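Hello,

Here is the structure I promised to pass on. Please open it first; my notes on what turned up follow below.

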Amino acid sequence: MTKRPEGNATAQVLAMYEIGKALNACADLTKTLRATLEILASYLHMQRGMVALVQDDGALQTVSAHGLNCQEKERGRYLKGEGIIGRTLKTGLPIVIPNVADEPLFLNRTRSRDLGKGHAIAFICVPIKAGRDTIGVLSVDRETDAAQRSPRFEQDVRFLKMIAILIGHAVRQYRLIAAEKAELLSEKQQLETALKGRYSIDNVIGYGKRMQEVFAEVHKVAPGRASVLLRGESGTGKEMIARAIHYLSPRKDKPFIRVNCAALTETLLESELFGHEKGAFTGASQERKGRFESAHGGTLFLDEIGEISPAFQTKLLRVLQEREFERVGGNKSIRVDVRLICATNRDLEAAVTDGSFREDLYYRINVVAIFLPPLRERHEDIPFLVEHCLDKFNTENGRQVRMAPEAMRTLLKCNWTGNVRELENCVERSATMAQSDVIELPDLSCQQGKCFSGALQEGSATRGAAYPLTRTDGRPGLASANGGPTQSPASERDRLVWALEQCGWVQAKAARLLNLTPRQVGYALKKYAIPLRRL
């Protein structure tokens, strides 16, 4: 038996090293397989080489080749058990053909070999496996002679089997990554579709004239870059309108970032919006991007903008003017492209007048103002909102609850000082506590004084005969000495003022008098701008 030169072993080690690098250098499987075959051609002096992989239909298709043109490569398709390559796939064992001209099973389907030449062409096939499964075939051929046939084939098969193992591992990793990527893309598309369906302007419930005017303004302002200020009471849906503006704008594929300015202190708000450098303050163990950076190219929604401090207003004004800022603890300016949408339930004009809100910042954020009407001014939308709330409740709880006509008429009469948020709360509570699948009048929480609007109504109805609600001059006042009744107050604000005066401006006592919680009374004081002590 003739021995091969000692240098061949070294060449094979170098070839495996180069092939290993090629298979891990690029995420494109076709390119890595082509590079692998080129390295094999260089070290084995092969004429042609092919890598055929099993397709979804179970057939083998040549995906990469050396020494074949495009047409020849496309013709390299084999069924399982068909020809030498198909048989290698079926048996999972290497096959060596010393001379393809003498082998009837050799199909020469690519028609890339001239079998009439005088030189013998050897053909070697080894299976490509991933675990126990054969996923493809690696084949090479070259001219040979009888003198070196046996030893060369033995060593070549051993070497090609090791290369096939490397290729099998690379193919398996590539397919796993491709499957994960496809799954992530599918989830991303589903999420984008769900978000667009949830927050698109078409799904914001509002069939009345007031909301239709709002929708028209949203469609006008969405395509531009101007800052938008959303005005309206708490619970009117300002965030949903802000999202609708974003998803109707050219920035819809970029981030929509929301920050509640009232929920953070001045220091935390600065770090939240602008980010901070490592070591900027105690606990800053690493640098952190702010919301402005995260919203680059997209939209930043600042809710409760009227609650920020005068000191932070100055910092925010600079960012809006220059479109750049520095992180907390840093000195490097960062430029951003962000569309700003702000929202507030405060009277900013009054805040500018009394000096609690900067006038220049007011003009920066109030480029386009959209006013969202309170629910009490669009009662025609209440039946649709109730139906939406019940559909959501039924879906989440597997029930079929509906609203009785008499109960619906009562909901239409409520003032809904908490707007849509209060209506949702009332419907969900009533549906949960209802004795049957029909919400009757006694089931309504507003009839039991358990919601804000209902409590105010009950307070005026049950106590109007026992306590005076206004003075004879029409102004809210204290009870007369004999406790004689007078006329009822004309508004919720007057009822609140009366209750506070009755209780010496102690909010907790006034809350008990109105069957409300102290938190609800505090909210009402803020809403109606009632000072804690009247002069």
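**Salt bridges**

The count comes to 26 salt bridges, taking a Lys or Arg side-chain nitrogen within 4 Å of an Asp or Glu carboxyl oxygen. Bear in mind that this is a predicted model. A few of the pairs deserve a look.

Start with Arg 48 and Asp 141. Their side chains form a salt bridge, 3.4 Å from N to O. The pair joins distant parts of the chain: Arg 48 sits in strand 1 (residues 48-54) and Asp 141 in strand 6 (residues 133-144), 93 residues apart. Both Arg 48 and Asp 141 are buried.

Next, go to Asp 337 and Arg 225. Here the salt bridge is 3.2 Å, N to O. Asp 337 is in the loop between strand 13 (333-335) and strand 14 (339-344), while Arg 225 is in the loop between helix 6 (209-221) and strand 7 (228-231), so this pair ties together parts 112 residues apart in sequence. Arg 225 has 59%, so it counts as exposed.

Then there is Asp 381 with Arg 378. Their side chains meet in a salt bridge at 2.9 Å, N to O. The cut-off for buried is under 20% relative accessible area. Asp 381 has 0% relative accessibility, so it counts as buried. Arg 378 has 2%, so Arg 378 counts as buried too.

One group goes beyond a pair. Glu 239, Arg 243, Arg 258 and Asp 303 are linked in a network of salt bridges.

**Helix 13**

Helix 13 covers residues 382-397.

Which residues of helix 13 are buried? They are Ile 382, Leu 385, Val 386, Cys 389, Leu 390, Phe 393 and Asn 394. An α-helix has 3.6 residues a turn, so residues three or four places apart point the same way.

What covers these buried residues? The cover includes strand 16 (402-403), helix 14 (405-413), helix 15 (419-433) and strand 17 (438-439).

Gly 398 follows helix 13, and its phi is positive, near 65°.

Best wishes

Notes. Residues are numbered from 1 along each chain as its sequence is written. This is a predicted model: local features need pLDDT of at least 70, side-chain atom pairs count only at pLDDT 80 or more; totals for chains, interfaces and linings use all residues. Side-chain values use heavy atoms; hydrogens and water are left out. Helices (H or I, at least four residues) and strands (E, at least two) are DSSP runs, numbered from the N terminus. Buried means under 20% relative accessible area, exposed over 50%, partly exposed in between (1.4 Å probe, protein chains only). The expected span of a helix is 1.5 Å times one less than its number of residues. Contact means heavy atoms within 4.5 Å.
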